[in-house]
Amino acid sequence: MDIEFSLALPREAMGIPMVRRALGDSLRSLGVAESCVSDILLAVTEACANAVRHGGPANRYMVEVSIGHGRCDVRIIDRGHGLPRMPDRYPPTDAEHGRGILIMQAVVDEISFDITPGRGTTVHLRKHLAWDDEPVIPRQRALAAV
């Protein structure tokens, strides 16, 4: 089963739980193992937090999700100034910020950045899905009459 959706969100922290809910519920409904769901949500949270923090002057950012073929692909797209280049070293362990890229790299299988200074950043996260022991059998649902 393939699932695709996109969200356009305000560059405010309140949108991050919405992304987590939509993505987490989608993955869980397919029977994805909770440890895999947690990894994906952690990486997406870090990428969204970066878009909220650094995605200005635009007031919105996008999250595009594609789940299928045994993997989950997520793109977080902002229209901020973009980084001139990726950092060549990471902050000290006692720093409050700056470890998001390390966290994302640790929990997903692939990560890439499309950075265009002055036009924004796209973070592409890919994770191969792990499944719970029992396969999920989709239930037939009737649409409510209005």
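Reply: His69 is found in the loop between β2 and β3, where helices (H or I, at least four residues) and strands (E, at least two) are DSSP runs numbered from the N terminus. The model is predicted: local features need pLDDT of at least 70 and side-chain atom pairs pLDDT 80 or more, while totals for chains, interfaces and linings use all residues. Residues are numbered from 1 along each chain as its sequence is written, and side-chain values use heavy atoms, without hydrogens and water.

Is His69 buried or exposed? With a relative accessibility of 73%, His69 counts as exposed (buried is under 20% relative accessible area, exposed over 50%, partly exposed in between, with a 1.4 Å probe and protein chains only).

The chain has three helices and five strands. Read from the N terminus on, their order is β-α-α-β-β-α-β-β. Of the 146 residues in the chain, 35% are buried. Take the contacts (heavy atoms within 4.5 Å) between residues at least 6 apart in sequence: 66% of them join residues at least 24 apart.

Next come the other loops. His81 lies in the loop between β3 and α3. Like His69, which is exposed at 73%, His81 counts as exposed, in this case at 54% relative accessibility. Leaving aside residues up to four places away in sequence, His81 touches His54, Gly56, Pro57, Thr116, Pro117, Gly118 and Arg119. The C-alpha atoms of His81 and Ala58 are 9.1 Å apart, although 23 residues separate the two in sequence. Two of the residues that His81 touches, Gly56 and Pro57, are joined by a cis peptide bond, with omega near 15 degrees. Pro57 itself lies in the loop between α2 and β2.

Leu30 is in another loop, the one between α1 and α2. Is Leu30 buried or exposed? Its relative accessible area is 16%, so Leu30 is buried. Leu30 and Asp132 are 102 residues apart along the chain, yet their C-alpha atoms are separated by 9.4 Å.

Arg126 is found in strand β5. Its relative accessibility is 18%, so Arg126 counts as buried. Residues up to four places away in sequence not counted, Arg126 touches Arg71, Cys72, Asp73, Val108, Asp109 and Glu110.

Now for the helices. α1 and α2 pack with their axes 10 Å apart, at an angle of about 155 degrees (axes are lines fitted to C-alpha atoms, for helices over the stretch in contact, and angles run from 0 to 180 degrees between N-to-C directions). That makes α1 roughly antiparallel to α2 (under 35 degrees is roughly parallel, over 145 roughly antiparallel, 65 to 115 roughly perpendicular, the rest oblique). On the α1 side, the residues in this contact are Ile16, Val19, Arg20, Leu23, Gly24, Leu27 and Arg28. On the α2 side they are Glu34, Val37, Ile40, Leu41, Leu42, Val44, Thr45, Cys48, Ala49 and Val52. By class, this contact of α1 with α2 has twelve nonpolar, two polar and three charged residues (Ala, Val, Leu, Ile, Met, Phe, Trp, Tyr, Cys and Pro count as nonpolar, Asp, Glu, Lys and Arg as charged, the others, Gly among them, as polar).

Helix α2 (residues 34–54) also meets helix α3 (residues 100–107): their axes come within 9 Å and cross at roughly 155 degrees. These two helices are therefore roughly antiparallel to each other. From α2, the residues Asp39, Leu42, Ala43, Glu46, Ala47 and Asn50 take part, and from α3, Gly100, Ile103, Met104 and Val107. Sorted by class, the contact of α2 with α3 has six nonpolar, two polar and two charged residues.

The largest nonpolar core has 32 residues, and Leu23, Leu27, Tyr61, Val63, Ile67, Ile76 and Leu125 touch the most other members (a nonpolar core is a set of buried Ala, Val, Leu, Ile, Met, Phe, Trp, Tyr and Cys residues joined through side-chain atoms within 4.5 Å). Which elements give two or more residues to this core? They are β1 (3–10), α1 (16–29), α2, β2 (60–68), β3 (71–78), α3 and β5 (120–128). The largest share, ten residues, comes from α2.
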